[in-house]
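Some notes on the model below, for your review. They are set out as numbered points.

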Amino acid sequence: MILEASSGLYAQFPFQGDITYSGKFKPYNANVRLLKNSFGEGKLFFGLSEEWEPVSREIQIGLIQELMLKILRRRLKPTHEKTKEIELYHIFMRKIHLAAPKDHVDPALLESFNRVNQKYFNELIELTNLRWGDESYRNLGRYEYGSDTITVSRALAHDAELLDYVIYHEMLHKKHKYHVAGQKSMHHTKAFKADEAKFENYAEVERRLGRLPSTRKKMRWIF
Ligand SMILES: [Zn+2]
């Protein structure tokens, strides 16, 4: 698989490679490391979550290619930046939420989700899993792509407005579906931020979030 992936991107490929599937990743996460031995020869170690194992070969090749392009950006010039496999991989990732079972839907969070969905999305965002996270002021919310799950800090349990705002933010991640292989955080693009600012009383809500104990703006979101 590594040979097929590299030959689609590079004229010469001076690295060895190795793929491991593991249960320690979140669903459909992946990463890559480049290690050199004492002779200066490089080997790429691809770590894929176990959910990848039964996925079709072409799509996995697309994932491997995307990871290769990312880690080798400054070392090796590709002959192609896009391949058919990378396209298939992106299509797959945009649809993956459909396959995730929806078996963790907290009723209180569902109320907030429905409220926000009706008010801002014409009810067009399909239901995600909805879970409470730890009572943290640093990580108020996150959206996890592979399991289609929004997690919200318990610290917001008694503040309906902030709760709706954080749910709104995470729902925007589902709407914008921006995904890059091996990258932990999803970007808050310009379009994302423009949508975020459409929340009612946006400036005031942002100010209130900033006043939460030990909240530091930069560290507020995981995803
Ligand atoms: Zn975010």
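1. Histidine 169 is buried, at a relative accessible area of 1% (buried is under 20%, exposed over 50%, partly exposed in between, with a 1.4 Å probe and protein chains only). This is a predicted model, in which local features need pLDDT of at least 70, side-chain atom pairs count only at pLDDT 80 or more, and totals for chains, interfaces and linings use all residues. Residues are numbered from 1 along each chain as its sequence is written, and side-chain values use heavy atoms, without hydrogens and water.

2. The zinc ion has His169 (NE2), His173 (NE2) and His188 (NE2) as its protein donors, 2.0 to 2.1 Å away (donors are N, O and S atoms within 2.8 Å of the metal, or 3.2 Å for Na, K and Ca; water is not among the atoms, so sites may look incomplete). The sequence spacing of these donor residues is H-x3-H-x14-H. Histidine 169 belongs to helix H5 (residues 160-176) and histidine 188 to the loop between H5 and helix H6 (190-196), so the pair ties together parts 19 residues apart in sequence (helices, H or I of at least four residues, and strands, E of at least two, are DSSP runs numbered from the N terminus). Histidine 188 is partly exposed, with a relative accessible area of 29%.

3. Tyrosine 28 is not a glycine, yet has a positive phi of about 60°. Its place is the loop between strand S1 (16-22) and strand S2 (30-36), and tyrosine 28 is buried at 17% relative accessible area.

4. Asparagine 201, also not a glycine, has a positive phi of about 60°. Asparagine 201 sits in the loop between H6 and helix H7 (202-210) and counts as partly exposed at 48% relative accessibility.
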